[in-house]
Amino acid sequence: MSESNMKVEEETSALQFMKKKIHSLFVNQGDEDAFFVADLNDVIQKHLRFLQELPRVRPFYAVKCNSSDEILQVLAALGTGFDCASQDEIKMILGMGVPATDIIYAHTCKQPSHIRYAAKHGVNRMTFDCESELVKVAKNHPTAEMILRISTDDDGSISCLNKKFGAPLEICAYLLKVAKSLHVMVTGVSFHVGSGSGNPQSFHQCIGDARRLFDIGNTLGHKMKVLDIGGGFPGNPDFHPRFEEFTAVIVQSLDQYFPSKEDVEIIAEPGRYYVCSAFTLAVNIITKKEGYVKGADGKERRKLSYYLNDGLLGSFLHYNLCREDKSLKPTVEKDVLPSAERFPSKLWGPCLTEKDVLFEEIDLPELEMGDWILFQNMGAYHMTLRTTFNGFPSPNVQYILGKENERYLRNCGTS
Ligand SMILES: Cc1ncc(COP(=O)(O)O)c(C=O)c1O
């Protein structure tokens, strides 16, 4: 594991660590750059909880969600597989020494040269959801083991992936026949209930649908042996429904449709579940402006505008794409009395565009230039989806790992 930004701590939460760091920055004035603290202990806890709640399911972590070296190394040491979406992601994971059999190439619409790359490196498991993909695979990777991704109703999720991916159930039997006629092996079924799903019951529906397709596939001569239940699990501890509400439905549905005496491998592709809560971002107020707004009573009130050194085109780009995600909450890192007056406040990002606004109006105590604002639950998609528009650098990440967990990882294999 790279040592550069790694700190092994006896007993520290990410928040405590962050507060200490902010205090030392305050004392040694001059470094106001936004920064992340990533708590690898949290990732390990999430993994153990996943295994405990879903003992029959092997997680294949979705690399797209957060592909930082430290996260991938921890997960590889813990023994997860990896869900890759492209040639570069496959290359990254193979480069870490992960065997090709621990990778699923889970993009249903692949560039032919990426398929050839997968074939050359022994990555055989891939997903598909249409006929043209089967034609491509027959030509570029004839020994691939294809997994049919079915579509589902994902209304109410933060990201409705089924608008774009997944075969409608009505055409699935036809696709299985086409695969047979092209001599393409189909070995299983996958689905994704939508990222940040709001509906645990969708798992029940999808697992039942997968069962019916397993039976059709087997009848047609395919050897159906992999069920991939995708991602969609919550990563923010305040999110409802909670993780355990999803897993209760999954365990019951697997027992009903795929009893353990059947030799079916069950995998998942969790992304945000693993990394969301591990990352906290600290941003600095670089400019303060003051104006007035009319309140509901017609009286004028002070309105404060703060310009932050990270924003919508930086670490919050994912938030910009998913405004349905209402979980973003600023925490003021300053001692303020609970009784202190609060003012309508606007939070701007730093870029030279009026679109770079994090909050139009939020009630906050009065802050000053140089004060810090923290955002928790910033690990999922924020790190992989950001720009350095206007030359604002991506925040540095400080990783923390407790001594006991460091030993635990070492005992798992690599560290
Ligand atoms: C195919 C696939 N698998 C897994 C994931 C990860 O989903 P989540 O972060 O909701 O667990 C995604 C997210 O876009 C995806 O497209």
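Helices (H or I, at least four residues) and strands (E, at least two) are DSSP runs, numbered from the N terminus. The model is predicted: local features require pLDDT of at least 70 and side-chain atom pairs count only at pLDDT 80 or more, while totals for chains, interfaces and linings use all residues. Residues are numbered from 1 along each chain as its sequence is written.

**Helix H8**

Select residues 201–219, which form helix H8. The expected span of a helix is 1.5 Å times one less than its number of residues.

Next, colour the buried residues of H8: Ser 202, Phe 203, Cys 206, Ile 207, Ala 210, Leu 213, Phe 214 and Gly 217. They lie on the same side of H8, because they cover an arc of only 125 degrees around the axis. (The arc is that of the directions from the helix axis to the C-beta atoms.) The other side of H8 carries the exposed residues Gly 208, Asp 215 and Thr 219. A residue is buried if 20 or more other C-beta atoms, placed from the backbone, lie within 10 Å of its own, exposed if 12 or fewer, and partly exposed in between.

Now display what covers the buried residues of H8, including strand E7 (145–149), helix H7 (169–181) and helix H9 (243–257). Contact here is counted between residues whose C-beta atoms, placed from the backbone, lie within 7 Å. Just after H8, select Gly 221, which takes a positive phi of about 100 degrees.

**Helix H6**

Move to residues 131–140, helix H6, where Glu 133, Leu 134 and Val 137 are buried. Viewed down the axis, these fall within an arc of 100 degrees, so they line one face of H6. Ser 132 and Lys 139 are exposed on the face turned away from that buried side. The partners of the buried residues are helix H5 (112–120), strand E6 (125–128), E7 and H7.

**The two domains**

Colour domain 1 (6–39 + 277–403) and domain 2 (40–276) separately; these bounds come from an automatic or database domain assignment. Their centres, taken over C-alpha atoms, are 34 Å apart. The contact involves 21 residues of domain 1 and 22 residues of domain 2. On the domain 1 side, strands E2 (35–39) and E17 (396–402) each supply at least two residues, and E17 gives the largest share, five residues.

**The ligand**

Finally, select the ligand and the 17 residues around it, of which Ala 62, Ser 195, Gly 231, Glu 269 and Gly 271 come nearest. A residue counts as near if its C-beta atom, placed from the backbone, lies within 6 Å.

Methods:
Contact = placed C-beta atoms within 7 Å.
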